Amino acid sequence: MPRPRTLSDEQLLSMVFDVIQSEGPDAATFAAVSKASGLSGSTLVQRFATKAGMLRAALLYAWDRLDAETARLADTLPKTADGAIALLTGLSQDYGDNPASYAEGLLLLREDFRDPVLRARGGAWGAALTAALAERFEGQRQAQTIARLMLSQWQGSLLWWGFSSEGAVADYVERELRLFLAALEPKLN
């Protein structure tokens, strides 16, 4: 009879993800996760088989959390341009207000690009987020295009915030998205 698990899969994946976020994907070794979780290296090998398997599982867990937060925001925010800004600003909260920690987070993107399963997951999230944004521009001639451009503007604003470090990331993102929509204003409707 197998021993009962002392940590649920979700608890363990959260710990693995914490190691990844604080020290980077390359630091998420069985030894580091063993130290963080209190589980033996052999137990981790039984659960994940390989370091790559552990990294993929933790990043899929992070995608699950992002999907849930995106859906929560999409379900609760108004279907207006202000709602689109609030959705993207809300998703920016997890980036923190320190450009150096944001830069460390970009290492996760590298892992997502390297792994076809994670890359597909990112593509699916992008499609869902585009659809949620397009709902906020329903009635516009090119709602899907506006949504994709706004999504690109959001990602660009995060990068430029990293260079400028002008205040809180959410404030910077909101300001940039408002400028973007104001520039589109004559073309909307």
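Let's start where two helices meet: helix α1 (residues 9-23) packs against α4 at an angle of about 100°, and their axes are 9 Å apart. For the axes, picture lines fitted to C-alpha atoms, for helices over the stretch in contact, with angles running from 0 to 180 degrees between N-to-C directions. That makes α1 roughly perpendicular to α4, on a scale where under 35 degrees is roughly parallel, over 145 roughly antiparallel, 65 to 115 roughly perpendicular and the rest oblique. On the α1 side you'll find E10, L13, S14, V16, F17 and I20, and they meet M54, L55, A57, A58, L59, Y61, A62 and R65 in α4. Contact here means heavy atoms within 4.5 Å. Sorted by class, the contact of α1 with α4 has eleven nonpolar residues, one polar and two charged. In that sorting, Ala, Val, Leu, Ile, Met, Phe, Trp, Tyr, Cys and Pro count as nonpolar, Asp, Glu, Lys and Arg as charged, and the others, Gly among them, as polar.

Before going on, keep in mind that this is a predicted model, in which local features need pLDDT of at least 70 and side-chain atom pairs count only at pLDDT 80 or more, while totals for chains, interfaces and linings use all residues. Residues are numbered from 1 along each chain as its sequence is written, and side-chain values use heavy atoms, with hydrogens and water left out.

Now zoom out. The protein has nine helices and zero strands; both are DSSP runs numbered from the N terminus, helices being H or I with at least four residues and strands E with at least two. The C-alpha atoms fill a box of roughly 65 × 35 × 25 Å, taken along the principal axes. Of the 189 residues in the protein, 40% are buried, where buried means under 20% relative accessible area, exposed over 50% and partly exposed in between (1.4 Å probe, protein chains only). Look at contacts between residues at least 6 apart in sequence, and 66% of them join residues at least 24 apart.

Next, step off the end of α1. G24 is found in the loop between α1 and α2, and this glycine is buried, with a relative accessible area of 4%. G24 and G105 are 81 residues apart along the chain, yet their C-alpha atoms are separated by 7.9 Å.

Further on comes another helix pair. Helix α2 (residues 30-37) and helix α3 (residues 41-48) pack at an angle of about 110°, their axes 9 Å apart, and are therefore roughly perpendicular to each other. α2 passes α3 in a right-handed crossing; a crossing is right-handed if the near helix is turned clockwise from the far one by less than a right angle, and left-handed if anticlockwise. F30, V33 and S34 of α2 make the contact with G41, L44, V45 and F48 of α3. By class, the contact of α2 with α3 has five nonpolar, two polar and no charged residues.

The loop between α3 and α4 holds A49. Its phi is near 70°, a positive value in a residue other than glycine. A49 counts as exposed, at 52% relative accessibility.

Then there are the aromatics. The structure holds three aromatic pairs, meaning rings of Phe, Tyr and Trp (its six-membered ring) with centres within 6.5 Å; planes under 30 degrees apart count as stacked, over 60 as edge-to-face and the rest as tilted. W63 and W125 have ring centres 5.7 Å apart and planes at 55°, so the pair is tilted. This pair links distant parts of the chain, 62 residues apart, with W63 in helix α4 (residues 51-76) and W125 in helix α7 (residues 116-135). W63 is buried at 10% relative accessible area, and W125 is buried too, at 12%. Together with W154, W63 and W125 form one aromatic cluster.

Leaving out residues up to four places away in sequence, V117 touches R56 and L60. A132 also lies in α7, but this alanine is buried, with a relative accessible area of 7%. With that same exclusion of residues up to four places away, A132 touches A74 and L87. From A132 to F48, it is 84 residues in sequence and 34 Å in space, C-alpha to C-alpha.
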